[in-house]
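Please read them alongside the sequence and the coordinates.

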Amino acid sequence: PPVARRLLLSCEEVEFAETLRVVASAHPSVTFGSYPNEGGQLHSDGCGFECRTVVTMESALEEDLELALAQLAAGLPQGTMREVWEGDILELQPTTHPHLTPSRP
């Protein structure tokens, strides 16, 4: 099955739309989705950040997915990538990632 990542961001899509377009163009083997989280509710571990946008990424090639994720993370507003979930498309789990902003001090 395809591998996937789900990014929980504390910024609006308009703040990174151009970066997302550039990354998607550079990585045609990766499928991207971006969804506003209008409720802004707390996510997964109750850490207290407001999730404003959820970005999904899928690919049959994990290496391509990781390269796209690194490029996207580098172009996001600093400190806005709050959680990354990874796994195959049916079984995503929260994970640590080098570009994450810590949820707690």
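The points below go from the overall fold to the nonpolar core and then to the aromatic rings.

1. The model is a predicted one, and its secondary structure comprises two helices and five strands, which follow one another along the sequence in the pattern β-α-β-β-α-β-β.

2. Of the 105 residues in the protein, 36% count as buried, while the exposed surface comes to about 5900 Å², with carbon and sulfur atoms supplying 52% of it. Among contacts between residues at least 6 apart in sequence, 67% join residues at least 24 apart.

3. The largest nonpolar core has 18 residues, and the members that touch the most other members are L7, L9, F16, V55, M57, L72 and M81. At least two residues of this core come from each of β1 (3-9), α1 (17-26), β3 (53-59), α2 (62-75) and β4 (81-88), and α2, with five residues, gives the most.

4. Which residues does V55 contact, once its neighbours within four places in sequence are left aside? They are R5, R6, L7, L9, F16, G33, S34 and L72, and of these, L7, L9, F16 and L72 are also listed with V55 among the core members that touch the most others.

5. R6, one of the residues in contact with V55, also lies over the face of W85, at 5.0 Å from the ring centre. As for pairs between aromatic rings, the count comes to zero under a rule that asks for ring centres within 6.5 Å.

Technical notes: Residues numbered from 1 in each chain as written. Predicted model: local features only at pLDDT ≥ 70, side-chain atom pairs only at ≥ 80, totals over all residues. Heavy atoms only, no water. Core = buried A, V, L, I, M, F, W, Y, C linked by side-chain atoms within 4.5 Å. Buried < 20%, exposed > 50% of the residue type's maximum accessible area, 1.4 Å probe, protein only. Helix = DSSP H or I, 4+ residues; strand = E, 2+ residues; numbered from the N terminus. Contact = heavy atoms within 4.5 Å. Phe/Tyr/Trp six-rings, centres within 6.5 Å; stacked < 30°, edge-to-face > 60°. Lys NZ or Arg CZ within 6 Å of the ring centre and 35° of its normal. Areas by Shrake-Rupley, 256 points an atom, 1.4 Å probe, with all protein chains shown as cover.
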